[in-house]
Amino acid sequence: MSQNYSIAYSLFPVSPEAHLFRVRCCIEQPDPDGQRLSMANWIPGSYMIRDFARNVVWLNATDGKQAPVTVEKLDKASWQAAPCEGPLYIEYEVYAWDLSVRGAHLDTGHGYFNGTSVFVAVDGQRDRPCRIDIAPPAGDAYANWRIATTLPRLDAGLYRFGSYQARDYDELIDHPVEMGEFDLASFEVAGTPHDIAITGKHRADLPRLCRDLEKICTTHVAMFDELPKMERYLFLVMAVGEGYGGLEHRSSTSLLCSRNDLPLPAQETINDNYRNFLGLCSHEYFHLWNIKRIKPAVFMPYDLSRETPTRQLWAFEGITSYYDELALVRSGLIGTESYLQLLGQTATRVWRGSGRFKQSVAESSFDAWSKFYKQDESAPNNIVSYYTKGALIALALDLTLRQSTDDAKSLDDLMRRLWQDYGKPGVGVPEGEIERLAAEIADADLSDFFARYVHGTGDPPLQRLLEHVGIDFCLRPARNADDKGGSAPAETTEQQPPVWLGARVANDSIGARLAQVFDNSPAQKAGLSAGDVIIACDNIKVNKNNLETLLADYPPGSTVTVHAFRRDELFETRLQLEPAPADTVYLALKARSTTRQSLARERWLGQNRDSQSVKQAVNH
Ligand code: ZN
């Protein structure tokens, strides 16, 4: 059958115990001057060089007569086969022991891979269709394994091993594959089947999950007016003890979560963990439009051999982060109060980092490859997140559009416009275009807005903008180290204002280890650094658990003698405690909103489109 496909891959988990996939690639018409092959150095959606070729254990080649063909390694990720008559067979093994949404993982319990981890690209033929045969591991132990992927099926049954196809290399690497004994449930949105496959030990209430996800997906589809054309959509979930991550694809998403994030049968409420999980699903689903189809021009096509910087990640990740939570309240899954708590927590994360005064979100986007994705202990002081500040800019832009058009237009209009003009026809978005479209929709000059908050380091003026929807933006000191913000201060008047050390503290066997020390904090002024282990305060032994309570007994302004280790050297310093700064955000509904404010709020948070109609709408 391979005559129809000039490139055919076959993939086989040759040794689950040793975490090895065996891959064979048949190239009908190799380059007569010698075929070049290469592996991706990064995976779209995760902006860091990962050198996937490092997991290729061995690779060799044979020609149509089964004679060996010499292969020379050209650089870390590419090979050159000697000239030969076709077909050329490349065979290799890939070590798969990375349990993340970005890599490949194989053991006797399940297998998972992204195409970027396992498929070599045939240089010069990346635009050609290919066939992919996927087989289960050998042996009775694997008789019940199934496969979950949105790779288009050739002759494989639904969720069965067999033959799949991809129209080009770009598609080949955009459908992750899970294999094993997963649980499967389905629902429908816009006439398109949506499936969820869960791998790993869990007790999740699948019907509940389907009901809730359907509401979220329907809300997103209603906003964009349509679901991009696809045969089906798939949520691939790996449930583990502790873990969190998601990666978007053209018709699926890979998610890693804690089993505690999933709803249990008879659990009726949405607790914080489940709310986070729904937010993650919502985020990746929104990417179906924003980044998978509405894309920065520099990603068309992707150059997977090297970094591809763009100043626009704040829009693709920030706007997506804004809508992931907004869809929870718009779909009716959470109430206004719960939504405002989430927004307050996002704002708190931004307000607590002084790095936001040193790096703009445009710069953070551009340097994502070497800074955001390679964070160290200095991150809060030196960089800003294009996710969290990007989400606040999206909120500020939404409110600006609403305010300047008397609530006739909003960020929803901007997203629909981007979908119609760029995403749907497959045109890349050039730098500056989102800014230009926003100004057109606002019918106002927004250059100052973007210069200050996107290209500059200004805080978006949420205090002023939230007035429009009758919400107060408030700041208060953190209550304790676990205070994530988002809630009003406790009613009871505390005896004294909380004191501030200005460091994030972790456990250590001999004391309290400083994981991060914030700029201009008492800890920094005392000469303490990340990595230092405090063992005593005023000669009393401390650890992570008692450090905070011990310091809380001192009034702000007091000086404490600190003993600490840097590496293996003991030192003593004097630490002057300060009152905790007001860096914790909460949003409160105004006690008396005007009718206009209430209406604007309803338009913003309510189901602004008839979501019910989406269920019946035919996918087009
Ligand atoms: Zn994202």
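Reply: We begin with the largest cavity. On a 1 Å grid over the protein atoms alone, a cavity is a set of points where a 1.4 Å probe fits but cannot get out, and lining residues have an atom within 4 Å of a point. Here 13 residues line the largest cavity, and S100, V101, Y112, M238 and L255 lie nearest its centre. The model is predicted: local features need pLDDT of at least 70 and side-chain atom pairs count only at pLDDT 80 or more, while totals for chains, interfaces and linings use all residues. Residues are numbered from 1 along each chain as its sequence is written, and side-chain values use heavy atoms, with hydrogens and water left out.

Me: What is the volume of the largest cavity, and which strands supply at least two residues of its lining?

Reply: A volume is the space filled by probe spheres set on the grid points, which are joined across faces, edges and corners. For the largest cavity, the volume is about 100 Å³. Strands are DSSP runs of E with at least two residues, and helices are runs of H or I with at least four, numbered from the N terminus. β10 (110-113), β18 (233-240) and β20 (252-258) each supply at least two lining residues.

Me: How is the zinc ion coordinated?

Reply: Donors are N, O and S atoms within 2.8 Å of the metal (3.2 Å for Na, K and Ca); water is not among the atoms, so sites may look incomplete. In this model H283 (NE2), H287 (NE2) and E317 (OE) coordinate the zinc ion at 2.0 to 2.1 Å. The spacing of these donor residues in sequence is H-x3-H-x29-E.

Me: Is H283 buried or exposed?

Reply: Buried means under 20% relative accessible area, exposed over 50%, and partly exposed in between (1.4 Å probe, protein chains only). H283 is buried, as is H287.

Me: How do strands β27 and β28 pair?

Reply: Two strands pair if DSSP finds at least two bridges between them. β27 (residues 559-566) and β28 (residues 569-576) are antiparallel and share eight bridges; A564 has F571 in β28 as its bridge partner. The two strands form a hairpin with two residues between them, and R567 in the turn has a positive phi of about 50°.

Me: Which residues are in contact with P380?

Reply: Contact means heavy atoms within 4.5 Å. Leaving aside neighbours within four places in sequence, P380 is in contact with G353, S354, G355, Q516 and F518. P380 lies in helix α8 (residues 379-382) and is buried, with a relative accessible area of 16%.

Conventions:
1 Å grid on protein atoms, 1.4 Å probe; cavity = no way out; pocket = protein on both sides within 12 Å on 5 of 7 lines; lining within 4 Å.
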